[in-house]
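Q: Can you walk me through this structure? I'd like the quick version, element by element.

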Amino acid sequence: MIAYLNGKIKDAMEDRVILNVNGVGYEAFCIERECVKFAGKIGDDAELFTFYYLRDNTAELYGFTTLAEKEMFQILIGVSGVGPKGALNVLNAAPLELLQRGIAEGDTSVLTRVSGIGNKIAQKIILELKDKFGEEWAGLGGDIRVESDVVEALESLGYSKAQAQSVLKELPPDVKETEDKVKAALKLLSN
């Protein structure tokens, strides 16, 4: 099994990256916001925690910049009805902390915005995983629906999901309302 790669970024596409590790090119599917970062760093060193997925006629490598993302991916594919592409789509939907908080609070709004994840699967994910994240995630941080609405608003204004999610982390904690968060995010994105 391939658990970790360290090499130079050879190429980055929308959903995958190719790493040159000692002359061998490894193609790994990645979270979209990470692929965006990799695209601007062709030739630079990078490291990925990887998960090798092997089923029937499929052999795919999934790469993550943090061990926490890889672990969440493995938890998600453990839910029946969620395959590796679906799990990656879930991780694309929102930052890891927001997903975990949403699952802990039983909020399907973040999950149902994912392509291919309907309300039934979202409820199943929450039912099976709610206890995994425990009380430490419930009630932390901002309102999940507000944060999801901010990402959606920024996307409608032409920003990528990756840009919207990364700027969300930079917003001051005292900004609470959706409209105020969008204004603050736009100000940060324009700099």
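Q: Let's start at Tyr52. What is the relative accessible area of tyrosine 52, and how is it classed?
A: Tyrosine 52 has a relative accessible area of 34%, so it is partly exposed. Buried means under 20% relative accessible area, exposed over 50%, and partly exposed in between, with a 1.4 Å probe and protein chains only. This is a predicted model: local features need pLDDT of at least 70, side-chain atom pairs count only at pLDDT 80 or more, and totals for chains, interfaces and linings use all residues. Residues are numbered from 1 along each chain as its sequence is written, and side-chain values use heavy atoms, with hydrogens and water left out.

Q: Where does tyrosine 52 lie?
A: Tyrosine 52 is in strand β4, residues 45-55. Strands (E, at least two residues) and helices (H or I, at least four) are DSSP runs, numbered from the N terminus.

Q: Now strands. How do β1 and β2 pair?
A: Strand β1 (residues 4-12) and β2 are antiparallel, over 4 bridges. Two strands pair if DSSP finds at least two bridges between them. A hairpin of 3 residues joins β1 to β2. Alanine 12 has valine 17 in β2 as its bridge partner.

Q: And which way do the β2 side chains point?
A: They alternate along β2. Val17, Leu19 and Val21 point to one face and are buried.

Q: What about β2 and β3?
A: Those two are antiparallel as well, over 6 bridges. Valine 21 stands opposite valine 24 in β3. The hairpin has 2 residues between the strands, and asparagine 22 in the turn has a positive phi of about 55°.

Q: Is asparagine 22 buried or exposed?
A: Asparagine 22 is exposed, at 79% relative accessible area. Most residues other than glycine have a negative phi.

Q: Switching to charges. How many salt bridges are there?
A: The structure holds 6. A salt bridge here is a side-chain nitrogen of Lys or Arg within 4 Å of a carboxyl oxygen of Asp or Glu.

Q: Which residues are linked in a network of salt bridges?
A: Asp15, Arg16 and Glu27. Arginine 16 and aspartate 15 have their closest N and O atoms 3.0 Å apart. Arginine 16 is partly exposed at 23%, and aspartate 15 is partly exposed at 30%.

Q: What salt bridge does glutamate 34 form?
A: Glutamate 34 pairs with lysine 37, the closest N and O atoms being 3.9 Å apart. They are 3 residues apart in helix α1 (residues 32-39), so about one helical turn separates them. Glutamate 34 is buried at 9%, whereas lysine 37 is partly exposed at 46%.

Q: And lysine 85? Which residue is its salt-bridge partner?
A: Glutamate 60, with the closest N and O atoms 3.7 Å apart. Lysine 85 lies in helix α3 (residues 84-93) and glutamate 60 in strand β5 (residues 58-64), so the pair ties together parts 25 residues apart in sequence. Glutamate 60 is buried at 17%, while lysine 85 is partly exposed at 38%.

Q: Last topic, the core. How many residues are in the largest nonpolar core?
A: That core has 29 residues; Phe64, Leu76, Leu91, Leu111 and Ile125 have the most contacts inside it. A nonpolar core is a set of buried Ala, Val, Leu, Ile, Met, Phe, Trp, Tyr and Cys residues joined through side-chain atoms within 4.5 Å.

Q: Which element gives the most to this core?
A: α3, with 5 residues. Apart from this core lies another, of 13 residues, including Val21, Ala28, Cys30 and Leu61.
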